[in-house]
Structure formats: structure tokens, C-alpha cells
Amino acid sequence: MTLYEKIISIYPELSSYDFAHGDIELLDNSDGNGAFISRWEHPTLAQPTEQQLEAAGEG
Amino acid sequence: MPYLGNKPVNNFVSFAKQNITGNGGTSYSLDHPVTGANDIELFINNVRQEPTEAYSASGATLTLTGAISSTDDVYVIFRGRALQTVGHPSDQALEATSAVIGGNSVLTTASNIAQNTGNVWHIYSSGNTTLVDATYTKIALNSTRYNIGGGSLDTSNYRFTPSVAGYYSVSASIDLTPDGSQTGNFIVNIRKNGTTMAYVDAYRGQTGRHSACITTVIYMNGSSDYVELFCYRESSLAQDAFASASATYLTGYLVRV
């Protein structure tokens with residue numbers, strides 16, 4: 001499951017969100033460490049914790 | 001009094017006179033270099049001497065066919081001089097049908113002509129870069145087609161650092177792999193020190209290869225500033241960035257310091 005899919009599973013309302021130009025940015029440096037949240041400035045939704053993301057991945 | 005014709009390029013030139021004191025010899029130095037004996041009039045005791053017969057002259061050397069002594073009254077009138085320096089009038093445009101300015105020099109400013117020694121580079125990825133859904137993925141630029149001028153490509157962090165400060169024209173292109181029939185948006189994104197400097201939104205509307213390119217100008221400090229290339233791929237797409245030196249690349253060159 002990708003980081004994007006984990007975030008959508010936590011916040012389904014972000015399924016139509018514009019991750020390209022919005023207040024949330026996901027980044028992957030192609031260094032083998034995978035994608036991460038490089039910016040989360042959403043006005044109402046809190047940035048998911050590591051625990052939430054791990055749980056979303058297990059689900 | 002006005003004169004007809006074009007304005008003289010510099011100044012009117014007066015004839016010059018040089019007194020020569022004989023030393024019993026035949027060779028003497030001239031104050032002004034000449035091309036030959038006919039460029040001067042030589043008088044010995046007020047008797048004019050015949051050029052090439054009584055004397056010869058070359059450069060700054062006068063050679064007589066007979067010796068003169070200190071009691072002789074000897075002088076030279078310069079009718080022509082071998083060398084004169086005429087400056088280009090500052091109030092007139094410099095025009096020519098062609099010009100050769102040494103080496104590979106280029107005109108950088110109106111007052112300074114020097115070779116552009118800035119960096120030139122064209123870097124690309126030797127393999128496909130796996131793109132991630134709804135994520136800005138750094139293109140793994142690890143190969144060099146050109147790298148001139150001392151800039152450095154970090155093949156671990158996939159970033160290029162120019163070694164000369166100045167304004168660079170930076171261009172990038174990303175070509176998606178041709179597999180699949182998905183449609184959706186992707187973005188070509190140039191970043192300096194992690195900050196977006198330019199991007200372009202593109203759309204993959206059908207099967208096949210699709211690419212997009214972008215050009216911008218970025219100031220680089222020549223020491224710590226670096227540029228990277230990212231690609232954002234919408235989750236509806238499944239394509240990666242295709243490995244191609246001619247289709248997925250980051251290139252740049254110094255425009256001015």
C-alpha cells in the first residue's frame with residue numbers, strides 16, 4: 001500500500017484532493033526510503049501520525 | 001575654416017624634425033621608425049641628400065654612406081612614419097563585415113570581452129525511475145551526456161551543483177513509459193535547494209509515450225545551490241519515468257554572471 005493509499009484510508013474525504021498543488025505534499029527522493037509527507041498544511045485535517053499510517057498499512 | 005569631406009578619424013599630423021649630432025660614424029637612431037629612405041629628408045650642412053644613394057633608413061635606424069662629425073649640421077625631416085596609432089572615435093559606431101576576436105571569446109558585456117566559462121550540463125537517468133501515486137518523485141539522474149566547467153553531479157542524491165555563480169537557463173523533460181492505457185495528469189517539476197522554481201502540468205490522454213518539458217532561468221551561487229528534477233504522477237496513472245538521455249533529462253547552461 002502506498003503512502004497515498006494509506007492517507008486516503010485514514011481520510012477518505014481526501015480522495016478527490018489535489019495533492020499536486022494543494023496544502024499537502026508527498027515526496028519520494030528515490031533513495032529507497034519510500035515516500036514521506038514533506039508538507040502538511042491542511043486547514044482542518046491533522047497530519048496522520050506514524051501509528052495511524054502503520055495501522056492503515058496493516059489494514 | 002570648414003572643410004569638405006569626412007571628418008578626420010583622429011587628428012591632423014605635423015611633420016617632425018630631428019637634429020643629429022655626428023660622432024664620426026655612419027649609423028644613427030631616428031626618433032620615429034620609418035619604412036624606408038624615402039620617408040625622410042636628410043640634410044647635411046643644409047644640402048639635401050639623395051635617398052637610397054646617400055643614405056638608407058629602416059625602422060629607427062639611419063645609415064649613411066659616409067661618416068659625419070659633430071661639426072656637421074645634420075637634421076632629418078620626417079615625411080612619413082611607419083607606425084601611427086589611431087583610436088576609434090568614441091562618438092562613432094564600430095562597423096565591420098567580419099571580426100575575429102581571439103579564441104572562443106564571446107561578448108559578455110559592452111565593456112568586457114571574455115570567454116563564457118560557466119557550466120554546461122546535460123544529465124539523465126540510466127534506468128527508469130519508479131513513480132509513486134500522487135507523489136513528487138525525484139528522477140534518479142545519475143548519468144552525464146555533458147558536464148563542462150566543473151559542476152558536480154551527485155549520483156546518490158541525484159542533484160547537480162554548478163561551480164560558477166550566475167543565472168542559468170535550466171530545462172527539463174520527462175517521458176512516461178509507454179505501458180498501460182491509463183489517462184491522467186503528470187507534472188514536470190524543477191527545484192532549487194528543494195524549492196519549486198518551475199513546473200508544467202501535462203496530460204496523458206491515450207496509450208503510448210507522452211512527455212513534457214519546461215525551461216526557466218535560475219540563479220545559482222556556484223557553491224551550495226543545486227537543482228533537482230521531480231515528477232508528480234496522478235494516482236490514476238501507472239507509468240514510470242522512462243530512461244532516455246534524450247527524453248528524460250535535466251540540462252542547463254550559464255546565461256550571464
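Before you start: residues are numbered from 1 along each chain as its sequence is written, and chains are lettered from A in the order in which they are written. In this predicted model, local features need pLDDT of at least 70 and side-chain atom pairs count only at pLDDT 80 or more, while totals for chains, interfaces and linings use all residues; side-chain values use heavy atoms, with hydrogens and water left out.

**Exercise 1. Find out what confidence the predictor gives to the complex and to chain B.**

Step 1. For the complex, the predictor reports an ipTM of 0.96 and a pTM of 0.66.
Step 2. Turn to pLDDT, the predictor's confidence in each residue, from 0 to 100. Chain B has an average of 88, and 85% of its residues score at least 70.

**Exercise 2. Describe the contact between chain A and chain B.**

Step 1. Contact means heavy atoms within 4.5 Å. Chain A contributes 13 residues and chain B contributes 16 residues.
Step 2. Buried area is the accessible area (1.4 Å probe) that two parts lose on being put together, summed over both. Here that comes to about 1,200 Å², with 54% of it on carbon and sulfur atoms.
Step 3. Look for polar contacts, pairs of N or O atoms within 3.5 Å; within protein, one must be able to donate a hydrogen and the other to accept it, and residues adjacent in sequence count only if both atoms are side-chain atoms. Eight residue pairs, both members at pLDDT 80 or more, are in polar contact between the chains.
Step 4. Ask which elements of chain A are involved. Helices (H or I, at least four residues) and strands (E, at least two) are DSSP runs, numbered from the N terminus. On the side of chain A that touches chain B, helix H1 (3-10) and strand S1 (24-28) each give two or more residues, and S1(A) has the largest share with four residues.

**Exercise 3. Locate the salt bridge across the interface.**

Step 1. The rule asks for a side-chain nitrogen of Lys or Arg within 4 Å of a carboxyl oxygen of Asp or Glu.
Step 2. One salt bridge is found between chain A and chain B: B:Arg191 and A:Glu25 meet at 2.8 Å, N to O.

**Exercise 4. Explain why S1 and S4 of chain B stand at the edges of their sheet.**

Step 1. The open sheet has four strands in the order S1-S6-S3-S4, with antiparallel pairing.
Step 2. Strand S1 (16-20) and strand S4 (47-48) each have a single partner strand, so one side of each is left without a neighbour in the sheet.
Step 3. S1(B) pairs with strand S6 (residues 74-78) over five bridges, and B:Asn19 stands opposite B:Tyr75.

Conventions:
Pairing = 2+ DSSP bridges.
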